[in-house]
Amino acid sequence: MKLVDIMSPDDLKKIPQPELPALAAEMRQFLLQKLQRHGGHAGPNLGFVEATIALHYVFHSPADKLVFDVSHQTYPHKMLTGRIRAFADPAHDDDVSGYSEPSESPHDHFVIGHTSTSVSLAAGLAKARDLKGEKFNVIAVIGDGALSGGEAFEGLDNLAELQSNFIVVFNDNQMSIAENHGGIYLKLAELRRTKGQCEDNFFRALGLDYRYVANGNDIDSLIAAFREVQNIDHPVVIHVNTVKGMGYAPAVADKEAWHWTTPGFDLVTGKRDGGDSLGGRVADHLLRKMKEMPELVVINAAVPAVAGFTPQKRKLAGKQFVDVGICEEHACAFASGLARGGARPVWCVISTFLQRAYDQLSQDLCINKNPAVILVSCATLLGMNDVTHLCWFDIPLLCNIPDLTYLCPTCEKEYFAMMDWAIAQTERPVAIRQPENGVRENECALLADYADCSYEITRRGGKVAILALGNFYELGQRLHAALAAKQIDATLVNPRGATILDAAALEALKRDHQLVITLEDGVIDGGFGEKIARYYGASAMNVLVKGAAKKFADRYDADEFLRQNGLTVDQMTEEILSLLY
């Protein structure tokens, strides 16, 4: 039976076990072809092919429940559960998500894209099963550095009290996105060295049963291990030693670079187009500052590439770069402690992962007014568009925490000026939204001090004022030009930050303006524009707040998304004219 003929795990079970390695090879071929034309997560999927085959060969999904942590390793699972066309036919590349998605298949049980969640989610399924007196296996897959996340520990800790069927498949590929960090991984290395026999066993210490599979890419070994625990009456951990990127030499040789890939790489050599990046320039800037400031510490939570800290640049930074593992909560509190201790912490974090540390932002950092710096990357409507990785909820998240300044530069040069000020000052926590518009330099003036700064009016006009925040300043420039073509000489404003409310500038606009339009590259509910609208609430000033509606969105086309939210220049021009005349 060929891979394209497998429409469900029942079809898989018809294949004689000795033929399964050939199926694994075919799955990797389809994976690589899909990745080459579409991009996506490479290493995690390549390394989990055999384990996925074995899971579906032994267990009976969807009656038995498979819950994947992060779920960026679900491509093989999707291939075996009726979704092979999305991998075999380029016309259907976008039919499926890159993550677990229940709307696609009954074999997926949760929308999952953030890490360390599978044990807790699956534990809920198991408890519900027990309360209802049902009988089926619950399997939680966890790996790719996810054990360092606090929720993973919380789930495992609680799991020991379940006293019923629960199977944890720990995919130990010795990697997170980059290398693993944390004491737990030192002990896991000892378990691998002793083939699961050493006494210092993290899982047993939590009261869990434990089994070890030395070759986690050997299908026969995996099938035997899974059959041994099938229908078990207590929680058990199957520790599976796999190779990230298995079956593709470039991905095995450089596991960090091949965690995820853009399309267009050479299938034979793995060669990809490189090039200059803002992240690389951020890392270079911070490395220069490290030489000037030995107390400067860059913190990252398992995604060092987001700030351009390649292995080579991490080596240059030495002890002034700290990867805390997949632990955003700890990263935030750690930064607060560093700041209180007199160090100068800079935490580099992707917008979507910042959400995981909301309590620490409020309680550990801002209440204490410790001067940590947070560099928030990827924050834009026009970047990542998987529903689990949306990066445009950060403005209301951050700008509604007291005593936190959230700056939004319009270009790269302004970003570095704000960064330099934020690192030098010692009065407050400061977050800066990394510009994602590709603009290196523009007309906006740079300041030496951004403490309580005012709005910058870059073009003074009348009747209409455009307050264009951060990434959307460039959109404001285009809107200004479109209004000029309609004989409206508008005022264009760079607000400089989402937490800045310049009362003097806003009052001045009342004298000769009828309408203020705010543009922000994010969700509008609770955001910058609503604060401007509230300020003008009792006045005659009309305010038009533009950004994204408060809705989850998934795999959207950027241009169509802007149109749906009324964010094209033509739509806004027409709306402004209708309000003026």
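**Strands, pockets and cavities in a predicted model**

Colleague: Which residue in S13 is the bridge partner of leucine 375?

Modeller: This is a predicted model, and the pairing read from it joins S11 to strand S13 (residues 430-433) by 4 bridges, with the two strands running parallel. Within that pairing, the partner of leucine 375 in S13 is isoleucine 432.

Colleague: In S11, which residue is the bridge partner of valine 349?

Modeller: Strand S10 (residues 344-350) pairs with strand S11 (residues 373-377) in the parallel sense, over 5 bridges. One of the pairs sets valine 346 against valine 373 of S11. Further along, valine 349 has as its bridge partner in S11 valine 376.

Colleague: How many of the residues of S11 are buried?

Modeller: Here the cut-off matters, because a residue counts as buried under 20% relative accessible area. Both faces of S11 are covered, with Val373, Leu375 and Ser377 buried on one side and Ile374 and Val376 buried on the other. The strand is therefore mostly covered by that cut-off, and the number of its residues that are buried is 5 of 5.

Colleague: Which strands stand at the edges of the sheet, each with a single partner strand?

Modeller: The sheet is open and has 6 strands, paired in the parallel sense in the order S9-S8-S10-S11-S13-S12. Each edge strand has a single partner, so one side of it is left without a neighbour in the sheet, and these two strands are S9 (321-323) and S12 (405-407).

Colleague: What angle does the direction of helix H13 make with that of S8?

Modeller: From one strand of the sheet to the next, the twist averages 20 degrees. Helix H13 (residues 278-292) packs on this sheet and touches strand S8 (296-300) as well as S10 and S11, while the angle between its direction and that of S8 is about 145 degrees.

Colleague: Which elements give two or more residues to the lining of the largest cavity?

Modeller: The structure holds 2 cavities of 30 Å³ or more, and the largest has a volume of about 40 Å³. Its lining is made up of Val282, Val306, Ala307, Cys348, Val349, Leu375, Ser377, Tyr415 and Gln434. The elements that contribute two or more residues to this lining are S10 and S11.

Colleague: How many charged residues are there in the lining of the second largest cavity?

Modeller: For the largest cavity the lining divides into 7 nonpolar, 2 polar and no charged residues. The second largest cavity, with a volume of about 30 Å³, is lined by Leu66, Val67, Phe68, Ser100, His107, Asp108, His109, Phe110 and Ile112. Its lining divides into 5 nonpolar and 3 polar residues, and the number of charged residues is 1.

Colleague: Which helix gives the largest share of the lining of the second largest pocket?

Modeller: The second largest pocket has a volume of about 340 Å³, and its lining holds 18 residues, of which Thr380, Leu382, Glu436, Asn437 and Phe472 lie nearest its centre. By class, the lining has 9 nonpolar, 5 polar and 4 charged residues. The largest share, 3 residues, comes from residues 473-485, that is, from helix H20.

Colleague: Which residue in S18 does leucine 519 stand opposite?

Modeller: Strand S17 (residues 513-523) is mostly covered, with 10 of its 11 residues buried. It pairs in the parallel sense with strand S15 (residues 463-468) over 6 bridges, and in that pairing valine 464 stands opposite leucine 515 of S17. Strand S18 (residues 542-548) is also joined to S17, running parallel to it, by 6 bridges. In S18, the residue opposite leucine 519 is lysine 546.

Colleague: Does lysine 255 count as buried or partly exposed?

Modeller: Lysine 255 lies in the loop between helix H12 (249-253) and strand S7 (260-261). Leaving aside neighbours within four places in sequence, lysine 255 is in contact with Met175, Ile177, Val243 and Lys244, and its C-alpha atom is separated by 7.5 Å from that of alanine 178, 77 residues apart along the chain. Because buried means under 20% relative accessible area and exposed means over 50%, the 22% relative accessibility of lysine 255 makes this residue partly exposed.

Key
Residues are numbered from 1 along each chain as its sequence is written. This is a predicted model: local features need pLDDT of at least 70, side-chain atom pairs count only at pLDDT 80 or more; totals for chains, interfaces and linings use all residues. Side-chain values use heavy atoms; hydrogens and water are left out. On a 1 Å grid over the protein atoms alone, a cavity is a set of points where a 1.4 Å probe fits but cannot get out, and a pocket is an open set with protein on both sides within 12 Å along at least five of seven lines; lining residues have an atom within 4 Å of a point. Grid points are joined across faces, edges and corners, and a volume is the space filled by probe spheres set on the points. Ala, Val, Leu, Ile, Met, Phe, Trp, Tyr, Cys and Pro count as nonpolar, Asp, Glu, Lys and Arg as charged, and the others, Gly among them, as polar. Two strands pair if DSSP finds at least two bridges between them. Axes are lines fitted to C-alpha atoms, for helices over the stretch in contact, and angles run from 0 to 180 degrees between N-to-C directions. Contact means heavy atoms within 4.5 Å. Buried means under 20% relative accessible area, exposed over 50%, partly exposed in between (1.4 Å probe, protein chains only).
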